[in-house]
Each structure stands twice: as structure tokens, then as C-alpha cells.
Amino acid sequence: MPYAILRFQKRKAGGVAACERHNERKKEAYKSNPDIDMGRSKDNYHLVNPPRYTYKKEINRMVDEAGCKVRKDSVMMVETLITASPEFMNQLPPEEQKEYFQTALDFISERVGKQNILSAVVHMDERTPHMHLCFVPITLDNKLSAKSILGNQKSLSEWQTAYHERMSARWNELERGQSSMETKRKHIPTWLYKLGGRLDKQYEEIVSALSDNNAFNAGKKRDKALELLAAWLPDVEKFSKEIGKQQAYIDSLKERIGQESDYAGRMRDEKYEQELKVQKANQRIFELQRTNEQMGRLLSKIPPEVLEELQKTGRTRQKER
């Protein structure tokens with residue numbers, strides 16, 4: 001199922017120049033993104049031409065002209081990524097690709113104001129054609145406010161719905177991806193990452209202690225193994241229980257990453273820093289799952305009677321507290 005893709009990235013003053021260098025191909029090389037084929041950059045085209053000088057100068061002019069109040073941490077520009085799943089976008093004839101981007105441009109213009117759009121450039125020199133549309137978030141009452149235009153999480157979900165309705169009216173095979181509001185997406189607690197890391201470190205030590213088949217019948221080695229396991233077992237049980245609670249979320253992430261893997265390569269550029277953070281977070285979640293499976297295999301090596309003894313010891317300690 002092909003998906004209509006719309007993403008927003010807020011840019012403060014410090015991130016505007018780097019964004020412009022990428023979008024307008026002002027760099028001589030793109031080592032951070034090997035998917036860019038500079039030999040094909042001549043095929044890139046604009047639906048809205050960039051400012052005469054620089055994004056930053058034009059933003060400052062627009063903000064001054066509107067009389068907006070600006071703070072040090074103000075969002076000066078919003079960058080919008082517009083594309084679709086690779087299998088859909090790459091099979092469209094060139095004229096129909098252009099129609100797709102023009103339709104999306106019209107949709108954005110109606111919502112943010114055509115006068116606020118800095119540039120809309122289509123990149124044909126990467127794996128999947130896509131458009132970078134940048135606009136200055138100036139409201140109708142002349143306030144600089146990305147929050148007023150994009151809204152909260154619920155509003156962003158409504159943006160996605162409206163965008164899908166517009167695009168699928170012309171290309172009815174396009175699907176709308178589920179938003180975080182609909183999947184009730186949540187964050188994995190930080191303590192779980194830390195606990196997983198600690199269990200990973202303990203794992204090798206415990207495996208070493210259990211390397212002898214007679215570990216539980218061998219004096220000092222038995223004492224060492226039991227000591228390690230007694231400290232380790234409560235954390236393993238806590239860890240496994242929490243992973244079980246998060247399983248539905250982990251499964252939803254697997255599906256989402258599968259959908260996005262084809263065009264994830266071009267997210268390596270610095271302008272996709274936030275998306276990369278999400279990718280890394282997802283990878284950490286899968287590492288938690290791997291740790292959980294590893295702990296399960298280790299538990300299966302412990303004789304049932306020893307495991308029962310350790311669990312009783314743990315329950316006794318908890319009562320004493």
C-alpha cells in the first residue's frame with residue numbers, strides 16, 4: 001500500500017542556513033548523504049523560486065515587514081517534506097509527478113498563505129522524488145508562531161487527514177498512515193533502557209559463572225553463581241514484565257519501520273536530525289527486545305529447583321523490607 005507522506009520540521013535561526021544549502025544544492029559534496037547523485041541535480045526544479053539572496057535575509061525581511069516579535073528561541077521557518085512511498089512515486093510519469101507536487105503545494109499554500117512560502121524545490125537526484133517546501137510561520141494577525149499554524153498533536157493528525165483526502169482524491173490508491181494519536185503511541189520509559197544496559201553487562205559474567213555444567217554442584221563456583229543470580233533475577237523479572245506491556249508498541253514500530261525503510265536512506269543528511277533520533281530510538285527498543293530474549297535463554301539453563309530457590313529467596317527479602 002503506497003502512502004502519501006507529509007512531514008514538518010521546525011527550524012530556529014541557527015538551522016536555516018544548513019537547510020538552505022541542502023535544499024538549493026549549494027554544497028559541492030554531500031558525504032553525509034551518498035544517495036544524492038550530483039550528476040542528476042540538473043533535473044531538480046522549483047515550483048516556488050527561492051529568495052533572491054538567502055533564506056535568512058528573506059525571513060528577516062518578512063518578519064520585519066509584518067512587525068512580528070521575535071525571541072531567541074523562535075521558530076523562524078518550517079520545512080515541509082512532501083513525497084509518497086517509493087514504489088508509487090517512482091512509477092509516476094514525470095508530468096504526473098509534477099502534478100502530485102503542485103497539488104501538495106496548493107494544499108499547503110491554502111493553509112499557511114502563499115505569501116509565506118520561501119521556496120518549493122523538487123529533488124530528482126535522490127532515490128525517490130520529493131519536494132522540500134519551506135515557509136515562514138507568520139499568522140494572519142502578524143504573529144510569528146509555528147504553534148498557531150501547525151497546532152498540537154491532535155492538530156497535526158488533522159493535517160495528515162486533510163492532506164490524504166486531497167491527494168487521494170486524485171490518486172485513490174494512496175493510503176493514510178496511522179498517526180500517533182490513533183495508535184496511542186507512547187514513550188518507552190528511560191529506566192527500562194538503563195535496566196537493559198545493566199542486564200547486558202551482567203549477562204557475560206553470569207554466562208561465565210554457568211559455563212561449567214556442574215556449576216551448581218561445585219562449592220565456591222556454586223556460591224558465586226547463586227550470588228550473581230540472586231541479584232540478577234528480580235531485575236530480569238521486572239524487565240520482562242515491562243517488555244510484555246510494551247509489546248504492542250514494539251510490533252507497531254516494526255510495521256512502521258518496514259513501511260519507511262525504502263526511503264530512510266535519505267534521512268542521513270543533517271536536516272533530518274530529528275527523524276534520525278527517532279530511528280535510533282526505535283533501534284534501542286529492538287535492542288531491549290533482544291536483551292529480553294537473551295535473558296529468557298539464560299533462564300532456561302538454570303535448573304528448575306535452583307530457580308525456585310532463588311525466587312523464594314527474592315520474595316523473602318521483599319517481605320523483610
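**Note on the predicted model: sheet, helix packing and selected residues**

1. In strand β4, Val 121 is the bridge partner of His 46. This pair belongs to the contact between β2 and strand β4 (residues 117-123), which run antiparallel to each other over 3 bridges. The model is a predicted one, and the points below should be read with that in mind.

2. As an overall view, the protein chain contains 11 helices and 5 strands. Of its 321 residues, 47% count as buried. The chain exposes about 18000 Å², and carbon and sulfur atoms supply 48% of that area. Among contacts with a separation of 6 or more, 76% are between residues 24 or more positions apart.

3. Is strand β3 mostly covered or mostly exposed? It is mostly covered: 10 of the 10 residues in β3 (residues 75-84) are buried.

4. Helix α1 (residues 13-23) has as its buried residues Val 16, Ala 18, Cys 19, Glu 20, His 22 and Asn 23. What do these buried residues pack against? Their packing partners are β1, α2 (55-66), β3, β4 and β5. Just after α1, Arg 25 adopts a positive phi of about 55°.

5. A packing of two helices is described by the angle and the distance between their axes. For helix α4 (residues 94-112) and helix α6 (residues 153-170), the axes come within 11 Å and cross at roughly 145°. The crossing of α4 past α6 is right-handed. On the α4 side, the contact is made by Glu 96, Glu 99, Tyr 100, Thr 103, Ala 104, Asp 106, Phe 107, Ile 108, Glu 110, Arg 111 and Val 112. On the α6 side, it is made by Trp 159, Ala 162, Tyr 163, Arg 166, Met 167 and Arg 170. Sorted by class, the residues in the contact of α4 with α6 are 9 nonpolar, 1 polar and 7 charged.

6. The last point concerns a loop residue. Leu 92 is located in the loop between α3 (86-89) and α4. Why does Leu 92 count as buried? Its relative accessible area is 6%, and a residue is classed as buried under 20%. With neighbours within four places in sequence left aside, Leu 92 is in contact with Gln 97 and Trp 171.

Key. Residues are numbered from 1 along each chain as its sequence is written. This is a predicted model: local features need pLDDT of at least 70, side-chain atom pairs count only at pLDDT 80 or more; totals for chains, interfaces and linings use all residues. Side-chain values use heavy atoms; hydrogens and water are left out. Buried means under 20% relative accessible area, exposed over 50%, partly exposed in between (1.4 Å probe, protein chains only). Helices (H or I, at least four residues) and strands (E, at least two) are DSSP runs, numbered from the N terminus. Two strands pair if DSSP finds at least two bridges between them. Contact means heavy atoms within 4.5 Å. Accessible areas come from the Shrake-Rupley method with a 1.4 Å probe; for residues, only the protein chains shown count as cover. Axes are lines fitted to C-alpha atoms, for helices over the stretch in contact, and angles run from 0 to 180 degrees between N-to-C directions. A crossing is left-handed if the near helix is turned anticlockwise from the far one by less than a right angle, and right-handed if clockwise. Ala, Val, Leu, Ile, Met, Phe, Trp, Tyr, Cys and Pro count as nonpolar, Asp, Glu, Lys and Arg as charged, and the others, Gly among them, as polar.
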